Amino acid sequence: MLPGGHEDESEGHIDRQFQAAHEFLEAARTAFSPEIPRRRVYLVPVNHDIRRQLATKPLQKYLADIKHDELTEECRAAGEEWKSYLGRLRDYQNFLAANGYEHLLPAETQKWLIYADTFNVGDDLTVGIAGLNTAWTCGQGDKAGHLRLCGEFQVETLRPTVKPAQVRIALMHHPWNWFAGAEGAQTRQRIEQDYHFLLHGHEHQSWVDPKEFDATGHRHNTIAAGACYDRADKENGYNIVRLDLDAGRGEVFLRRFSGGSWVKNESKNAPEGIWPIKAPRIGAAKPAAPAAKPEE
């Protein structure tokens, strides 16, 4: 999820924005010891990645009026109409290709700018990551409840790769209330049933929505992220999630920027800035050691 705001859409300005994004991501991943491999960085496109002069009024009206089934068929076919939609995200696609994020451009799903990936943690844990594209219908002055998604198609396309993983995480930029009609609700049901975690942003607010399905014991957590960079009078924040998959629990450590430094983002649900969650239980349960707080 990249910093944007294409008020000035000259080639040089957009290039500088993506260069700044690359420098931020490099600083973040190399701040850890050992550093996080670039292969383990996962991004999704956001509304500020759209080249807005290509989001013309006729095109936006067409996207607003077309029936869901017809739009899904255009998405599935990935023909000339679809290419015109995705052409507005070509700067984002070029950024991924130029900076070592080829794993986010797999050949089989690159034409939709979505991806599914799996990797192993240790010897016996497989994690699946699905990156959805919620930005492709964005334009000027987007309003909640008006974006189109074709989310069921996206989820269906990525599901075979991610489904076998023991821990499954979905990434998307917009929350559910930004999509038109019943489309968001239908996709939300699929995501909550298939994935243990959904991570999203856009509204620059940090919160957690935990769910547990009694019939199956499946646990799902939606985690909304704050913005690392916003105006001084707005909330700036980030979170780190830690999981104990033997005990089936975890914590979301919430931080906000205040008084020139990062501090605990405390609330009723997050005393000491820690929001407890239920995680998937993988392997035999064993007594859990008291949770140590991460260094500030």
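## Close-up views of a predicted model

**View A. Helix H3 packs against helix H6.** In this predicted model, H3 (residues 68–77) and H6 (residues 151–162) pack at an angle of about 40°. The axes of H3 and H6 are 9 Å apart. On the H3 side, the contact is made by His68, Thr72, Cys75 and Arg76. On the H6 side, Glu152, Phe153 and Glu156 take part. Sorted by class, the contact of H3 with H6 has two nonpolar, two polar and three charged residues.

**View B. Helix H6 also packs against helix H7.** The axes of H6 and H7 (residues 183–194) are 8 Å apart and form an angle of about 25°. Angles under 35 degrees count as roughly parallel, so H6 is roughly parallel to H7. From H6, the residues Gly151, Glu152, Val155, Glu156 and Arg159 meet H7. Their partners in H7 are Glu183, Gln186, Thr187, Arg190, Ile191 and Asp194. By class, this contact of H6 with H7 has two nonpolar, three polar and six charged residues. Glu152 and Glu156 of H6 belong to the contact with H7 and also to the contact with H3.

**View C. Strands S5 and S6 form a hairpin.** S5 (residues 207–213) and S6 (residues 218–224) run antiparallel and are joined by seven bridges. Pro210 stands opposite Asn221 in S6. Four residues lie between the two strands of the hairpin. In this hairpin, Gly217 takes a positive phi near 80°.

**View D. Asn133 sits in the loop between strand S2 and helix H6.** S2 covers residues 125–131. Asn133 has a relative accessible area of 0% and is therefore buried, as the cut-off for buried is under 20%. The side chain of Asn133 reaches the backbone nitrogen of Ala135 at 3.1 Å. Not counting residues up to four places away in sequence, Asn133 touches Pro45, Leu86, Leu89, Trp112, Leu113, Ile114, Leu149 and Gln154.

**View E. Thr109 sits in the loop between helix H5 and strand S1.** H5 covers residues 90–98 and S1 covers residues 115–121. The relative accessibility of Thr109 is 7%, so Thr109 counts as buried. The side chain of Thr109 reaches the backbone oxygen of Ile114 at 2.7 Å. Leaving aside neighbours within four places in sequence, Thr109 is in contact with Ile114, Tyr115, Thr157 and Leu158. Ile114 is also among the residues that Asn133 touches.

Definitions and conventions. Residues numbered from 1 in each chain as written. Predicted model: local features only at pLDDT ≥ 70, side-chain atom pairs only at ≥ 80, totals over all residues. Heavy atoms only, no water. Axes fitted to C-alpha atoms, helices over the stretch in contact; angles between N-to-C directions. Contact = heavy atoms within 4.5 Å. Nonpolar A, V, L, I, M, F, W, Y, C, P; charged D, E, K, R; others polar. Pairing = 2+ DSSP bridges. Buried < 20%, exposed > 50% of the residue type's maximum accessible area, 1.4 Å probe, protein only. Polar contact = N/O pair within 3.5 Å; in protein donor to acceptor, adjacent residues only side chain to side chain. Parallel < 35°, antiparallel > 145°, perpendicular 65-115°, else oblique.
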